[in-house]
Amino acid sequence: PIWNQRQFLGILVAEIDFDVIDELLNNTEKIGQTSHAYLVGRDSLLRSDSRITSPEDILQLKIESHIVEQCFQNNKTKNSEAYKDFRGRTVIGDYYYLPEMDWCLISEIEKKETLASVRNTRSVFLWSILALITLLFFLFRFISDKISAPFDSLSNTIEKMIKGDLSARIDVNNGPLEIKKIAQEFNEMAE
């Protein structure tokens, strides 16, 4: 109604193109596969279409969830939390109170989807640690073999000599300089 002081002048009727609003609200694929947004009136009835509803649900479907109650009770402009949505699924949602329309804009994404990236990161981290441990094991094994090989050769030659093979000699080309010197002196002693 339009009034001039106490005099009735007429009624203003406006048409809102909800297709534009619905398109904006339904364009949430970039956020996540389970993300969606919708408008709800104070009577808890759906005011817009969303990815999880159909156009027939507008002004028919009552959205009964904790976040809708909280939005209208607090008349705050924003809040985020995890809760069960009107379908009974655990979601993380945000709301924005629109005082001009007395509506709430609610956006939600399923909690399991938000935690999926954390799980993927944890999995990649654990597999990386496992690969690193395996790599270090083989690296230490290789280094250990390189260090112990000359000593094993010395030990094997001594065993052969104890068993009577006095022609056994140690290869003086294996190992570090100190081991080569010991091998050379041992070979000289054996002659």
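Which side chains does a polar contact of 3.0 Å join? Those of R47 and D43. A polar contact here is a pair of N or O atoms within 3.5 Å; within protein, one must be able to donate a hydrogen and the other to accept it, and residues adjacent in sequence count only if both atoms are side-chain atoms.

Before I go on, this is a predicted model, where local features need pLDDT of at least 70, side-chain atom pairs count only at pLDDT 80 or more, and totals for chains, interfaces and linings use all residues. Residues are numbered from 1 along each chain as its sequence is written, and side-chain values use heavy atoms, with hydrogens and water left out.

Back to R47. The residue sits in the loop between β3 (36-41) and α2; helices (H or I, at least four residues) and strands (E, at least two) are DSSP runs, numbered from the N terminus. The R47 side chain also reaches the backbone oxygen of L45, at 3.2 Å. With 16% relative accessibility, R47 counts as buried (under 20% relative accessible area; exposed is over 50%, partly exposed in between, with a 1.4 Å probe and protein chains only).

Now the rings. The structure holds four aromatic pairs. Rings of Phe, Tyr and Trp (its six-membered ring) pair if their centres lie within 6.5 Å; planes under 30 degrees apart are stacked, over 60 edge-to-face, the rest tilted.

One of the pairs is W3 with F8, edge-to-face at 5.4 Å centre to centre and 70° between the planes. W3 is exposed at 51%, and F8 is partly exposed at 43%.

In F72 and Y97, the ring centres are 6.1 Å apart and the planes at 90°, so this pair is edge-to-face. F72 belongs to helix α2 (residues 66-74) and Y97 to strand β5 (residues 90-98), so the pair ties together parts 25 residues apart in sequence. F72 is buried at 8%, and Y97 is buried at 7%.
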